[in-house]
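Here is a model to look at first.

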Amino acid sequence: MREIELNNGIKMPQLGLGTFLIPQKELSRTIGEAYELGYRLFDTAWRYHNEADIAQALKDNGIRREDVFITTKVNADALYTEDYKYGRHHFLNKRNGKSMHDVVQESFDNLATDYIDLFLIHWPWEMTASMWEELSKRYESGQIKAIGVSNFLQPHLEYLSEISDVTPAVNQFEISPLNRHQDLIDYCKAHGIAVQAMSTFSHYRSVEPRKEIFENGILADIAHKHNKSIVQIVLRWMLQQDIIMIPKTWNPDYLKENISIFDFELSPEDMARIDSMNRGKWLNYIPLGEQWWLPRHLRKWEGFDEWDNYVKRSSLSKCITKWFGI
């Protein structure tokens, strides 16, 4: 398996298995089959409620802990009696009494491990500083091999650089041919932060495939040229950009298909054609609204203007639907 060396020297498999929404009854079989095919990276999170199932799956399949790379994530929901609420409902958030130490420890307990390879902050929340502080302590003690973030934009990353000397090893965010986010990728690479793609092929919190990718003429033409599937073309496109990938599936055929991307190469023309598909918009996970808690000078980032426009368009759309029924 090809590996990416992180900024602290830790090597991370470039292709792994995302486990969000894999049915519990399929998880153990899927992990066993994935391991046999060569997968060594398994991505989970406290919010997925499957950490303990993954630990059991490794045990059931006779997979040694030291032979796999496990990523998990700390989530704000773990700190509250109900799911964390945003915007005007923010005042309804009620803490459950757990400390940041407690909620991070839950992942260690669930995964039945004394170390975690990569621990991410799942989203740029207002408590990012305390989350980063706890992860940093465990990183410095050796309990966590590398720490990073998920869905962080340039100003969120700059905020971390202002409060800590520990640079994130990884930033995991939504990447696909439809939303390349080249500026964010370039920023991360310039600051030694490895880039990991998520939510590439499906819709928000679902397993429904995105037709704009699977029925795209450009991708279909390139796939035909290389005698590969559209998924393989997209994964290869990211592989050649040194992007870490975690496509999700529990279908045995797709597991094999997803990892069979190391025997061909896309030409510069192929890469350019795929790049041309970029719409420059977030499709599933939109972290542009997480600006209110940042210091004033970081809230001036011009990218946040897109969020204001998005809210205005969304509000107008809701009004039209309500008023005219369309």
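Q: How many nonpolar, polar and charged residues does the lining of the second largest pocket have?
A: This is a predicted model, where local features need pLDDT of at least 70 and side-chain atom pairs count only at pLDDT 80 or more, while totals for chains, interfaces and linings use all residues. Residues are numbered from 1 along each chain as its sequence is written, and side-chain values rest on heavy atoms, without hydrogens and water. With Ala, Val, Leu, Ile, Met, Phe, Trp, Tyr, Cys and Pro as nonpolar, Asp, Glu, Lys and Arg as charged and the others, Gly among them, as polar, the lining of the second largest pocket has five nonpolar, seven polar and four charged residues.

Q: Which helix gives the most to the lining of the second largest pocket?
A: The second largest pocket is lined by 16 residues, and H181, D183, L184, W282 and E306 are those nearest its centre. Among helices (DSSP runs of H or I, at least four residues, numbered from the N terminus), the one that gives the most to this lining, with three residues, spans residues 182–190 and is α6.

Q: At what angle do helix α8 and helix α9 pack?
A: Helix α8 covers residues 217–226 and helix α9 residues 230–239, and their axes lie 8 Å apart. The contact (heavy atoms within 4.5 Å) is made by L219, A220, I222, A223 and H226 of α8 with I230, I233 and V234 of α9, and these residues divide into seven nonpolar, one polar and no charged. The angle at which α8 and α9 pack is about 95°.

Q: Which residues beyond four places in sequence is S229 in contact with?
A: S229 sits in the loop between α8 and α9, and its C-alpha atom is separated by 36 Å from that of N110, 119 residues apart along the chain. Leaving aside neighbours within four places in sequence, the contacts of S229 are A223 and E257.

Conventions. 1 Å grid on protein atoms, 1.4 Å probe; cavity = no way out; pocket = protein on both sides within 12 Å on 5 of 7 lines; lining within 4 Å. Helix = DSSP H or I, 4+ residues; strand = E, 2+ residues; numbered from the N terminus. Axes fitted to C-alpha atoms, helices over the stretch in contact; angles between N-to-C directions.
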